[in-house]
Amino acid sequence: MQSLQAKASEWSGVDSADAFAIDEINLFQKLGLEAFVNLSTNFYNRVYDDEEEWFRSIFANSKKEDAIQNQYEFFAQRMGGPPLYSQRRGHPALIGRHRPFPVTHEAAERWLHHMEQALDSSSDIDADSKRKMFNFFRHTAFFLVAGDELKKTQNQTQNQTQNQTQNQAQTQQQQQQLPCKNAPSNSHHACKNF
Ligand code: HEM
């Protein structure tokens with residue numbers, strides 16, 4: 001089976017080396033916390049104002065200020081800064097934390113659309129850092145899509161197992177209701193218990 005990283009590269013069109021070029025220099029030292037705060041504020045202002053209701057509604061249960069803080073603390077930490085995010089929230093575990101949300105291919109493209117615009121309008125981030133950051137975002141967005149598809153497959157398997165168990169229970173119940181003499185010999189009819 002293809003790994004989530006391999007799927008992320010294939011679907012995003014960004015190979016791992018380009019996605020993790022953010023680690024070649026310390027972007028936090030280069031840009032400073034304020035640049036990350038501004039980027040996430042700009043991004044989430046766009047998300048919460050999105051004319052596409054289906055996308056805006058994914059964030060309906062989150063407070064904008066919290067979403068902004070979660071995001072800039074994660075970005076700052078991931079790009080060489082202090083572990084602000086983990087000190088407050090624990091391990092990032094991004095796939096797990098996105099589990100409640102429909103992270104589809106379409107949602108990833110919409111997320112990236114807003115992020116591209118937020119980066120374009122950031123005057124405190126230089127062009128090379130923008131390119132590195134966007135490659136990381138694009139790869140990670142599709143990594144989350146791959147995680148979301150895995151979740152759907154796992155749910156399907158779980159439902160199948162649940163259905164099988166329910167069917168078995170139903171058959172057993174039906175067999176219990178048969179008169180003893182009609183019960184199949186390999187059944188779990190009550191009379192087989194003694
Ligand atoms: C692919 C499309 C994406 C969708 C639809 C999506 C959706 C969401 C939503 C609805 C939240 C909850 C807002 C909050 O309360 O913080 C969230 C949180 C978060 N997202 Fe995303 N996201 C996407 C991509 C990404 C990417 C690419 C990254 C990182 C590069 C990311 C990093 C985070 C982080 C760090 C949080 C905070 C998690 C927490 O502490 O609970 N997301 N996302």
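Student: In what order do the elements of the chain run from the N terminus?

Tutor: From the N terminus on, the order is α-α-α-α-α-α-α-α-α-α. The chain has ten helices and zero strands. Helices (H or I, at least four residues) and strands (E, at least two) are DSSP runs, numbered from the N terminus. This is a predicted model: local features need pLDDT of at least 70, side-chain atom pairs count only at pLDDT 80 or more, and totals for chains, interfaces and linings use all residues. Residues are numbered from 1 along each chain as its sequence is written.

Student: Why is F75 called buried?

Tutor: A residue is buried if 20 or more other C-beta atoms lie within 10 Å of its own, exposed if 12 or fewer, and partly exposed in between, with C-beta atoms placed from the backbone. F75 has 26 C-beta neighbours inside 10 Å, so F75 counts as buried. Of the 194 residues of the chain, 22% count as buried.

Student: Why does A93 count as exposed?

Tutor: A93 has 10 C-beta neighbours inside 10 Å, so A93 counts as exposed. A93 sits in the loop between α7 (84–89) and α8. A93 also has a positive phi of about 35 degrees, although it is not a glycine. Most residues other than glycine have a negative phi.

Student: Which residues is F75 in contact with, leaving aside its neighbours within four places in sequence?

Tutor: F36 and S40. Two residues are in contact if their C-beta atoms, placed from the backbone, lie within 7 Å. F75 is found in helix α6. F75 and F137 are 62 residues apart in sequence and 9.9 Å apart in space, C-alpha to C-alpha.

Student: What makes the span of α6 agree with its 15 residues?

Tutor: The expected span is 1.5 Å times one less than the number of residues. For the 15 residues of α6 that gives 21 Å, and the end C-alpha atoms are 21 Å apart, so the two agree.

Student: Which residues of α6 are buried, and why do they line one face of the helix?

Tutor: I68, Y72, E73, F75 and A76 are buried in α6. Seen down the axis of α6, the buried residues fall within an arc of 165 degrees, so they line one face. The arc is that of the directions from the helix axis to the C-beta atoms. The buried residues of α6 pack against α3, α4 and α7.

Student: Which residues have the most contacts inside the largest nonpolar core?

Tutor: F36, L39, F43, A108, A141, F142 and V145, in a core of 33 residues. α10 gives the most to this core, with nine residues. A nonpolar core is a set of buried Ala, Val, Leu, Ile, Met, Phe, Trp, Tyr and Cys residues joined through C-beta atoms within 7 Å. Leaving aside its neighbours within four places in sequence, A108 is in contact with V103, A141, F142 and V145.

Student: Which residues come nearest to the ligand?

Tutor: S62, N70, F74, A108 and W111, of the 22 residues around the ligand. A residue is near a molecule if its C-beta atom, placed from the backbone, lies within 6 Å of it. α6 gives the most to this shell, with five residues.

Student: How do the residues of the shell around the ligand divide?

Tutor: Into 14 nonpolar, five polar and three charged. Ala, Val, Leu, Ile, Met, Phe, Trp, Tyr, Cys and Pro count as nonpolar, Asp, Glu, Lys and Arg as charged, and the others, Gly among them, as polar.
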